Amino acid sequence: MAAFVRQKSISLLLKKPSSLCKSIFDFSISPRLYNSSTTSSRETQPVIISDLKKTEKSDIVISFFKEGGFSSTQLGKIVKYKPSLVSANLEKSIKPKIKIFQDLGFSGNDIADIASHNPSILFRSANNILIPSLSVLRGLLGSNEEVAKLLKKSGWFLVKDLEKTLLPNVDFLKSCCVTMDQIIRTVNSFPRFLLQNPENIRKCANKAEEMGVKRGSKMFIHAVRTVASMSDETWEMKLQAFRDLGFSEDDILRAFRKSAPAFAVSVEKMNKVKEVVVSSEKYDMACIISHPISFICSVEKRYKPRLQVLRILESKNLITKWPSFSTMYSISDKQFFDKFVGPYQHQVGHVSMPKRATRGKKTRLNES
């Protein structure tokens, strides 16, 4: 794999209401149900370029970025996270790095996005880091667009030596019968996972196998990533947390084989899920033990609003039987709306709901 990517990379381098109403309304349009995070205005306020101590050199550097298509917001990010960049040598430090991206065919917008997300990359060695890393990434991901998306998520790919980290780890996972599609999805979802020391990845793979996850299974890469995400001490604490929640040793092994990512959930979150689910008096701990992936679901965005809607429907005698636990936590927001919210709207009055909140909304199990 490493040899293939290197060979491919060289060739690429040469190319360029009522309580029910209120609950239904909250379930359907509340921003907290669909926004994974909120950011204060202070956090998003850009650094004001004019507040900088102006020098002739900084004026030249800022003008260069502006002419290259960098927006004021992007310049603000650069000044905030790497203020020394605006006083760097334009001809020796900045222009050559920007030219590397241009020569590899990256658009002006992509360059501006990448550099503003990770301004420190413009201080990296051109020959030892940037060119080899960009070439490896494009050979692996297949296009500048995909590379740009990845680099906006994590600048570590232009910090680490990919031939000593990413490529050996990719080769190892392929030898474990993990598909390239799985590997690329994992690289995009968990960027720093495959930048770890290859010896550690092998160690984590062995532990995953000891827990009963077979090489070649679809769960294997998730199991390795989960184990690799924590220290040995944290791993033992996590196993004890499962025991404390009522999981037997067999339950733990079964849960890991079935839903390894659930083991990456914090102990605090696990306890919160148990508290909210069991307090409904409709589901018990046995339900969670049978469905360990349920730990991943958001308490605030999934469990609380759904349980609240079901309680109100029951109190109004609009439902006589609650859905199974797996149905309650696993169906999408749209499916939940169509089954437990939409059919009862006419009985509680008219509620205006934006289409984006109730139609075509694809959700996944989110960790909060």
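Mentor: Before we start, a residue is called exposed when its relative accessible area is over 50%, buried when under 20%, and partly exposed in between. Please also keep in mind that this is a predicted model.

Trainee: Is Glu-281 buried or exposed?

Mentor: Glu-281 sits in the loop between helix H17 (267-279) and helix H18 (285-290). Its relative accessible area is 74%, and the cut-off for that class is over 50%, so Glu-281 counts as exposed.

Trainee: Which residue with a positive phi follows H11?

Mentor: Helix H11 covers residues 166-175, and Leu-166, Leu-167, Asn-169, Val-170, Phe-172 and Leu-173 are buried there. In the loop between H11 and helix H12 (180-189) lies a residue that counts as exposed at 56% relative accessibility. The residue that follows H11 with a positive phi, near 70 degrees, is Cys-177.

Trainee: Turning to charged pairs, how far apart are the closest N and O atoms of Asp-103 and Lys-99?

Mentor: Side chains of opposite charge can pair when their charged atoms come close. Asp-103 and Lys-99 both lie in helix H7 (residues 90-103), four residues apart, which is about one turn of the helix. Asp-103 is partly exposed at 28% relative accessible area, and Lys-99 is partly exposed at 45%. The two form a salt bridge in which the closest N and O atoms are 2.8 Å apart.

Trainee: Which residue meets Asp-232 in a salt bridge at 3.2 Å, N to O?

Mentor: The side chain of Asp-232 meets that of Lys-203 at this distance. Because Asp-232 lies in helix H15 (residues 232-244) and its partner in helix H13 (residues 198-210), the pair ties together parts that are 29 residues apart in sequence.

Trainee: How many residues apart in sequence are the parts tied together by Glu-314 and Lys-282?

Mentor: Glu-314 forms a salt bridge with Lys-282, the closest N and O atoms being 2.9 Å apart. Glu-314 belongs to helix H19 (residues 299-315) and Lys-282 to the loop between H17 and H18, so the parts they tie together are separated in sequence by 32 residues.

Technical notes. Residues numbered from 1 in each chain as written. Predicted model: local features only at pLDDT ≥ 70, side-chain atom pairs only at ≥ 80, totals over all residues. Heavy atoms only, no water. Buried < 20%, exposed > 50% of the residue type's maximum accessible area, 1.4 Å probe, protein only. Helix = DSSP H or I, 4+ residues; strand = E, 2+ residues; numbered from the N terminus. Salt bridge = Lys/Arg side-chain N within 4 Å of Asp/Glu carboxyl O.
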